[in-house]
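Keep the viewer open and follow along.

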Amino acid sequence: MKRIHRAAVLGAGVMGATIAAHLANAGLEVLMLDIVPKELTPEEKAKGLAIDSPPFRNRIAQAGLDGLLKMKPAPLFVKDYAKRIAVGNLEDDLGKLTAYDWVVEVVVEHMPIKLSLLAKIAPHLGKDAILTTNTSGLSVNEMAKALPEEMRRRFLVTHFFNPPRYMRLMELVPCAETDPEVLTAMADFMRRVLGKGVVFGKDTPNFVANRIGVYAILKSIQHMMAMGLTVEEVDAVAGPATGRPKSAAFRTSDLVGLDTLAHVASNSWETLPDDEERAVFQLPPFIQDMLAKKLLGDKTRQGFYKKEKTDGKRQIFYYDYESGEYKPTVRPKFASIEAGRQIDSASERLKTVVNGQDKAAEFAWKSLRDTLIYACNRIPEIASDVVNIDQAMRWGFNWELGPFEMLDAIGVENFVRRATKDGMAVPEILKPVTAFYRDGDQGQRQYFDLSASAYRPMPVPEGQINLDILKKAGRVVEKCGNCSVLDLGDGVFCLQFHSKMNAVTSDILAMTLKAVARAEREGVGLVVGNQGKNFSVGANLMMMAVAMAEGAYDDINLAIKAFQKATMALKYAKVPVVAAPFGMTLGGGGEYCLHSDAICAHAETYMGLVEIGVGLLPAGGGTKEMCLRAVDLAAVNGTDPQPFIFKHFQQIAMATVSMGAVELFGMNYMRGGDSITMDIERLIADAKQKVLALAVNYQPPLPRTDIAAPGRGIAASIKSQLWNMKMGSFITEYEYEIASQIALVICGGDVNPGTLVTEDYLLQLERETFLKLCGNKKTAERVQHMLKKGKALRN
């Protein structure tokens, strides 16, 4: 299959437009088509448009494109990427399809309409073009009948989950004639170019994730009604307590829409006459009533939950299915759930909850028992193995654990014994299994293949590096409680954080020096990266809070010095250092990236220097680095540094966090030699390749002694603006003081403009100002408040 550079999206509704947006995010040239409107609007008539005017004929597609710029969360990495999308219509522009490598149909989920469109566009496709449908559950083999036989080999389902930018799952479902090489090539394209997690499904109603996910929600409703639980009580159980997302069952339903839930359920009921649990897909009367009242969830601002302002305060209400009225939420308390909150491991947490003795534990067991049995019975009907089902639920419904990972957590033998005791029909395939996953030779993860009754190696797509596998294979060369140094091969080492939330701790700082020394001594370079939930949330505030409470400012000074020593070691290593951030990359995590030779960031990297949130400034070299970058940008452009200093100051003072990696270039956190990886699984491998490329002709930099300080004049200008904001009651006296101190540091202190200073001088200025701010009572209170807030969020 030839490389895909140009893609056409047929359908400009919410799903079609957001798919087009994500293709533009990936750098593709996109054409988006929709139908021609039936008649001119009064506004169009007033403009003198006629029925043959392109603005009229392309109105629907243009509206889809315009809508992308207003959507939240943003479907585009940056609004400028909308320029990569051209619009047209399905009557005048079909001839253009010949030039496109991939055409994806995203029209309404109605088989006759899809069949008609496929037959209509078939003559206009290029001889090697890939044609796909975004159906969420209609038969791909039925649709293939509308196509010429030769074209069927290039036809398959590409089922995006909504919203396409943020939901990782991509279900690929071939028709009977799909060329296996086309399927393999599209899987590689989806992973590498679009950053998708690919699951291979079969031509069955609702495919994999929706089949099991909607069943799980509807089964939870059955048990809720039988046990007399409330919507809120069910969500307290069906979320993180049992290895699923915070949106649990009913908040998830509100997010996707009750109409969508009903559509999937009805499709299952109508097309699965032989499903042993078919009755589950019949919607209960109260759901039918909610649909009639348009209580559809977030799209109508009321569903299982709604928000209202009461006495000026936001109040959340849940739907009482017995009365049909909304009631205030009360945050249910269950002993089993509270016990689970104290456990970080999703597997151990799940095991604790289902083995509890209260009503929540009973519900957890019954609802999961039925869902896990249902998932077992779907192999090989909807997917060939447990891996595809587990990945579908983790990537499509954001479960922490897939169904078969849940079985391992509970214990397969224990599950079989307990379910049998309940009188359930336990699948025979479960009885010989001891565990669905295990570690094989050299740390290679294996899964139990139910069709062969044997363990198989977990499939690992080419170009991926799994740090857990390397650790189990004995590739750890140094380690401490919160981080490790691994040998990635080819002379490249990796400094991996694995502290709680990957916060930067004192032992990570010490290990950073060791990692750099080892890479200099034995290798060619170093990657700073990990494969946790987030790259790093910043420095460990707990240690700082204790020191501040005790007035141990010498200890704080030593801690800041250690942090600066670590980041400067990265910057001036004798070998190239590449940071591989992803997810939340805050405070000290961002400072580690700023001091690396290059950044290889995942597309969804949310980076910011946010220390002002607790009344402090970036003191791990972050403020110094942004001063330095402003001065260098001014020198390169032959301009005054003031606009760059103002911009960088504002980012620090407002704790600006990027909404994706692309924005980091505009913030000057990422630079010309940096890169973005779409596939999170390839991030470490891509960072390693960048290290190897840099190592070929690497010349380590020298510490800077020639920095032309912006000086007191620019600092005074910033303070003048801050004063006006204070006088206008936009900021408090306390905020004015903090921001003024940051302004002085980022301008190089109270010196004349152009005074040559060193990096060491700027680092010392950071430390002195940090210590000054630590002595502020309000700062200490903010740090304590942030710690309490973090604890509350974790609970």
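Start with a group of aromatic rings. Phe497, Phe535, Phe563, Phe582 and Tyr592 are joined into a cluster by ring pairs. Keep in mind that the model is predicted. Rings count as a pair here if their centres lie within 6.5 Å. By that rule there are 15 aromatic pairs.

Take one of them, Tyr215 with Tyr374. The two rings are stacked, with 3.9 Å from centre to centre and 5 degrees between the planes. The label follows because planes under 30 degrees apart count as stacked.

Now turn to Tyr319 and Tyr326. Their rings also form an aromatic pair, but this one is edge-to-face. The centres are 5.4 Å apart, and the planes make an angle of 75 degrees. Planes over 60 degrees apart get that label. Tyr319 and Tyr326 are buried as well.

Arg6 lies over the face of Tyr100, 4.4 Å from the ring centre. Arg84 does likewise with Tyr81: its charged end sits over the ring, at 3.7 Å from the centre.

How far apart are its end C-alpha atoms? The helix runs over residues 359-377, which makes 19 residues. At 1.5 Å a residue it should span 27 Å. Is α16 largely enclosed or left open? Of its 19 residues, 15 are buried, so the helix is largely enclosed by the rest of the structure.

Finish with a sheet. Three strands form it, in the order β12-β13-β14. The sheet is open, and its pairing is antiparallel. Strands β12 (437-439) and β14 (454-457) are at the edges, and each pairs on one side only. Neighbouring strands are turned by 40 degrees against each other on average, with direction ignored. Look at β13, residues 445-449, beside β14: the two pair in the antiparallel sense over four bridges. Which residue of β14 is the bridge partner of Tyr447? The partner is Arg456.

Conventions: Residues numbered from 1 in each chain as written. Predicted model: local features only at pLDDT ≥ 70, side-chain atom pairs only at ≥ 80, totals over all residues. Heavy atoms only, no water. Pairing = 2+ DSSP bridges. Axes fitted to C-alpha atoms, helices over the stretch in contact; angles between N-to-C directions. Expected span 1.5 Å × (residues − 1). Buried < 20%, exposed > 50% of the residue type's maximum accessible area, 1.4 Å probe, protein only. Phe/Tyr/Trp six-rings, centres within 6.5 Å; stacked < 30°, edge-to-face > 60°. Lys NZ or Arg CZ within 6 Å of the ring centre and 35° of its normal.
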